[in-house]
Structure formats: structure tokens, C-alpha cells
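Biologist: I am new to this structure. Please take a close look at one part of it, the pairing of charged side chains, and then describe what surrounds that part.

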Amino acid sequence: HDHAEKMPIYDYHCHLPVRQIAEDKRFENLTQIWLYGDHYKWRAMRTNGVPEEFCTGKASDWEKFQKWAETVPHTLRNPLYHWTHLELKHPFGVKKLLGPGTAKEIYDQCGEMLRAADFSVRGIMRKMNVKLICTTEGPLDTLEHHKKIRKDGFEIKVHTAFRPDKGLAVEDINSLNEWIDQLEDVAGVYITDFEAYLTALRKRHDFFHTNGCRLSDYGLETAYAEDYTEKEIKKIFNKLRSGENLNKDEQLKFKSAMLYE
């Protein structure tokens with residue numbers, strides 16, 4: 001509390017939706033800011049026997065929050081329990097424990113605060129003493145929201161991190177080919193072979209660099225380092241572009257080549 005609490009936040013990896021920062025979004029209630037996209041909370045709720053309707057389904061915002069409030073006491077000794085109450089304490093000033101008996105009071109109190117101007121997305125970032133964050137975007141992204149944030153002169157630095165995971169996702173050939181087709185359009189490169197594929201990705205990488213990107217973000221299960229030859233990779237790429245599924249060995253070689261490049 002004497003030192004760390006006062007320190008500014010420089011977050012080089014986060015999943016804040018950059019569009020919400022660009023639009024300086026205001027949330028109507030805690031469900032929208034907590035439960036609309038938090039798979040950690042959904043996982044805890046499912047484990048607690050909560051039906052999917054209250055996680056990603058069509059239940060009302062209040063009903064979803066109510067189910068989360070019923071789950072919170074069961075997360076004791078899990079970081080979710082502590083995160084929840086730290087987030088209620090700051091910036092909302094709520095010191096009560098969240099549970100079925102306090103859910104409505106906390107929901108109403110925080111909802112009223114969230115609708116105020118200083119609790120917009122940018123306002124909350126200011127309250128948290130954020131100085132810099134990096135969001136994650138894929139090679140197809142136009143980075144229009146990052147451009148708007150800079151144009152607005154927002155004092156908190158918001159950069160992008162290049163996340164090209166989909167370019168390695170050879171487990172689903174159809175989805176990968178659809179993604180490559182989109183990459184063709186965005187990069188302006190006709191992707192006929194592996195070299196053209198790399199050229200298109202490099203063009204997008206250069207575009208990100210021009211727009212201030214200096215970091216990459218990968219969701220890797222392991223470090224792929226299978227031996228391969230250039231001839232093999234060209235053949236594998238032609239195979240996947242023809243819509244044929246790759247065997248396990250081919251998948252590992254392709255991912256290894258991509259990581260190397």
C-alpha cells in the first residue's frame with residue numbers, strides 16, 4: 001500500500017477491446033463489463049452447475065449477474081474471488097462481499113456509477129492510473145480504432161500487438177483457407193504458393209510496424225521445431241490450399257516453418 005498501490009500500470013498484454021476504448025464506451029451494468037466476455041467467470045459458473053443460458057445465453061443481464069453472485073462464494077481460494085472483490089473496492093468503493101444476499105444492492109449501486117461520465121472506458125483507465133496498454137489484433141485488422149485513439153489525443157498510450165495465430169491454424173483447413181482468402185484482399189497479394197503467403201504476412205507485419213506496433217502475441221501450445229525442407233513446406237502449403245487435410249507430421253512441419261519465418 002505504501003508503494004505498489006501508487007505505481008502506474010504499463011500493461012504490454014491485455015485483451016481490452018480496442019473499439020470500446022476508441023468509442024469511450026459506457027456500460028449500463030456490471031454484467032456488461034464483467035460477464036459479456038470473461039471465460040474465466042463462465043468456467044466457474046459452469047463448474048458450479050449454472051446452465052449455459054446464464055453464461056452465454058439469452059438470460060437478462062440481471063439474471064446472469066445473480067448467477068455469478070451465487071457462484072462467487074464457491075470461488076474462495078481461487079483468484080476469481082479476490083479479483084472480484086478488489087474490482088468492487090476499486091474503483092467502485094464497494095467493500096461488501098458479493099453473494100446472493102448482496103447481489104441486488106451491489107448491482108444497482110455499481111450500475112448507477114457506470115452510467116456516469118467518469119466511469120466510461122477511458123475514465124476507468126484513468127482511475128486505474130494506466131499509462132500504457134497493448135491490445136492484440138490479427139493481421140487482417142485495419143487498426144482503425146488505434147488510429148482514432150491517437151487522433152483523439154487520448155493521453156494514455158494504446159498500442160497494438162501483432163497476433164498471427166490464425167496463420168498457423170492448420171487443424172481446420174477450411175477456416176484457414178477462408179482466412180488466407182481474406183489475407184489476399186487485405187494485403188493485395190495473390191497467394192498462389194508459400195512464398196506469396198509469407199509476402200502477404202510480411203506486408204501486414206510492416207503495416208502494423210508503421211502504425212506503432214513493436215510486439216507480437218502468440219497463443220502457442222509448445223515451441224514447434226520439427227525438421228523440414230523447403231520443398232516439403234511448398235508441397236504442404238499446396239496441399240492445404242487445395243483443401244486437403246494435413247497429417248500430424250505435416251501440421252508440425254508447417255507450424256515449425258511458420259515460426260521460423
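Modeller: E105 and K96 form a salt bridge, and their closest N and O atoms are 2.8 Å apart. A salt bridge here is a side-chain nitrogen of Lys or Arg within 4 Å of a carboxyl oxygen of Asp or Glu. Side chains of opposite charge can pair when their charged atoms come close. The model is predicted, so local features need pLDDT of at least 70 and side-chain atom pairs count only at pLDDT 80 or more, while totals for chains, interfaces and linings use all residues. Residues are numbered from 1 along each chain as its sequence is written, and side-chain values use heavy atoms, with hydrogens and water left out.

In the whole structure, a search finds 19 salt bridges. For the pair named above, K96 counts as partly exposed because its relative accessibility is 42%, and E105 falls in that class too, at 40%. Buried means under 20% relative accessible area, exposed means over 50%, and partly exposed lies in between (1.4 Å probe, protein chains only).

Another pair is E261 with R202, where the closest N and O atoms are 3.2 Å apart. Helices (H or I, at least four residues) and strands (E, at least two) are DSSP runs, numbered from the N terminus. E261 is partly exposed, at 44% relative accessibility, and R202 is partly exposed as well, with a relative accessible area of 39%.

K239 and E250 also meet in a salt bridge, at 2.9 Å from N to O. This pair links distant parts of the chain, with K239 in helix α11 (residues 230–241) and E250 in helix α12, 11 residues apart. K239 is partly exposed, with a relative accessible area of 22%, whereas E250 counts as buried at 17%.

Elsewhere, salt bridges that share partners join R122, K148 and D152 into one network. R122 sits in helix α7 (residues 121–127). R122 counts as buried because its relative accessible area is 9%. Not counting residues up to four places away in sequence, R122 touches I21, A22, D24, I149, D152 and F154; contact means heavy atoms within 4.5 Å. The side chain of R122 also reaches the backbone oxygen of A22 at 3.2 Å. That is a polar contact, defined as a pair of N or O atoms within 3.5 Å; within protein, one must be able to donate a hydrogen and the other to accept it, and residues adjacent in sequence count only if both atoms are side-chain atoms. From C-alpha to C-alpha, R122 and H159 are 15 Å apart in space and 37 residues apart in sequence.

Next, the sheet. Its 4 strands form an open sheet in the order β1-β2-β3-β4, with parallel pairing. β1 and β4 (215–216) stand at the edges with a single partner strand each, so one side of each has no neighbour in the sheet. Two strands pair if DSSP finds at least two bridges between them, and 3 bridges join β1 to the parallel strand β2 (residues 130–137). In β2, V130 is the bridge partner of I9. The loop between β1 (9–11) and α1 (18–23) holds Y12.
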